[in-house]
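Dear colleague,

Please find below the structure that I am handing over to you.

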Amino acid sequence: MNKKRWLALGIFIVLIVVYMTSSIGSIEEETQATSALTKYINGNNSGWATTVYQEGSGQKLALLKIEGIIMENDSNSSTLSTTYNHRVFLKQIEAAFTDPDIKGIILQLNSPGGGVYESDEVYHQIMQLKTQYKKPLVVYMSQQAASGAYYIAMAADKIYANRNTMTGSIGVIISTYNYTELAKKIGVTDVTFKSAANKDLLNPMRPITVDEQTIMQNMVDESYNYFVDIVTKGRDLEREKVLQLADGRIYSGAQAKNAGLVDELGYLEDAIDDTAKLAKTSDPQVLLYENPGPDLWNWFMSLRAPVIDLQGLSEQLQQQSAPQILYLSH
């Protein structure tokens with residue numbers, strides 16, 4: 001794309017932003033979804049909206065969603081992605097529990113899992129809020145709810161899955177790359193000064209040591225045991241039974257039901273109906289807590305950046321070289 005087209009695109013986006021902002025100011029009653037987008041345009045990327053997912057004459061229920069990889073987000077991201085936002089979701093779940101008008105919560109999962117820390121943080125917050133506010137929470141698993149997403153599901157009072165859902169993957173993984181052989185071929189030598197033997201743990205420019213293997217495996221085993229304990233408690237199963245199921249494999253919804261990993265097979269509507277029963281209401285109004293829209297401003301500003309961002313590339317390489325411990329389905 002030549003410079004004239006980039007300039008035209010930039011002017012077009014600016015005009016849209018100005019038009020939408022001025023229009024919002026002139027309208028007295030805007031929909032909540034538009035309000036959330038306005039917050040994003042004005043630089044507040046922690047806003048969200050609630051819209052009516054299902055009309056009803058009864059009490060209100062909240063429908064929240066976790067979609068995508070469960071990881072902490074880069075607040076300076078310049079992409080148009082609208083996938084999972086960790087900080088926003090934590091605020092959404094707190095808002096749903098603390099709102100006295102909300103009598104029950106449905107959590108729809110469509111995620112392969114993610115970070116050990118983030119998955120545990122969501123689980124812990126839900127368990128705390130349930131203890132304090134005594135509201136039923138039902139999980140519905142759509143396309144996938146594996147590993148860290150399954151971990152989070154253990155906070156539910158009841159779990160629904162579609163018969164074709166991919167779930168399970170109970171386990172932990174740490175992976176990295178080793179460039180030793182490649183470095184030898186191209187004549188690259190690593191020069192590292194360190195205060196102790198393990199300060200450059202998993203340095204990809206040298207062979208991994210036996211001590212490193214032991215250190216990393218111990219970390220994996222520790223997080224794995226946490227996962228097994230959570231499933232044992234959440235599903236009220238014998239630990240030995242969970243250990244048999246927790247070999248990292250994925251299960252279909254039907255297989256998970258037979259193994260005792262979920263309660264019922266069905267659809268989102270079934271999960272909503274069951275949540276209403278647990279909340280002792282009928283014909284509920286269901287409010288969908290929507291995620292924020294794309295960060296148009298950061299995306300627009302990124303168009304002005306050089307084609308090759310050496311500093312950004314360096315940061316990305318550093319992040320990718322650091323191993324992460326994950327509850328993630330592969």
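I begin with aspartate 273, which is located in helix H10 (residues 268–278); helices (H or I, at least four residues) and strands (E, at least two) are DSSP runs, numbered from the N terminus. Because its relative accessibility is 42%, aspartate 273 counts as partly exposed, a class between buried (under 20% relative accessible area) and exposed (over 50%), with a 1.4 Å probe and protein chains only. Aspartate 283 is ten residues away from aspartate 273 in sequence, and their C-alpha atoms are 8.5 Å apart in space.

Please note that this is a predicted model, in which local features need pLDDT of at least 70 and side-chain atom pairs count only at pLDDT 80 or more, while totals for chains, interfaces and linings use all residues. Residues are numbered from 1 along each chain as its sequence is written, and side-chain values use heavy atoms, with hydrogens and water left out.

As to the chain overall, it has twelve helices and twelve strands. It comprises 330 residues, of which 40% count as buried. Among contacts (heavy atoms within 4.5 Å) with a separation of 6 or more, 76% are between residues 24 or more positions apart.

Helix H3 (residues 86–98) has 13 residues and should span 18 Å at 1.5 Å a residue; its end C-alpha atoms are 19 Å apart, which agrees. The expected span is 1.5 Å times one less than the number of residues. At the start of H3, asparagine 85 places a side-chain oxygen within 3.4 Å of the backbone nitrogen of arginine 87. The buried residues of H3 include Val88, Phe89, Leu90 and Ile93. The partners against which the buried residues of H3 pack include strand S2 (60–67), strand S3 (102–111) and helix H4 (116–133).

Three strands form an open sheet in the order S4-S12-S8, with antiparallel pairing; two strands pair if DSSP finds at least two bridges between them. Strand S4 (113–115) and strand S8 (173–174) are the edge strands, each pairing on one side only. H4 packs on this sheet, where it touches S4 and S12, and its direction makes about 105° with that of S4. Such angles run from 0 to 180 degrees between N-to-C directions, and the axes are lines fitted to C-alpha atoms, for helices over the stretch in contact. S8 and strand S12 (residues 325–328) are joined by two bridges, and isoleucine 174 has isoleucine 325 as its bridge partner in S12. Helix H7 (residues 210–235) lies across S8 and S12 and runs at about 40° to S12.

Key
Polar contact = N/O pair within 3.5 Å; in protein donor to acceptor, adjacent residues only side chain to side chain.
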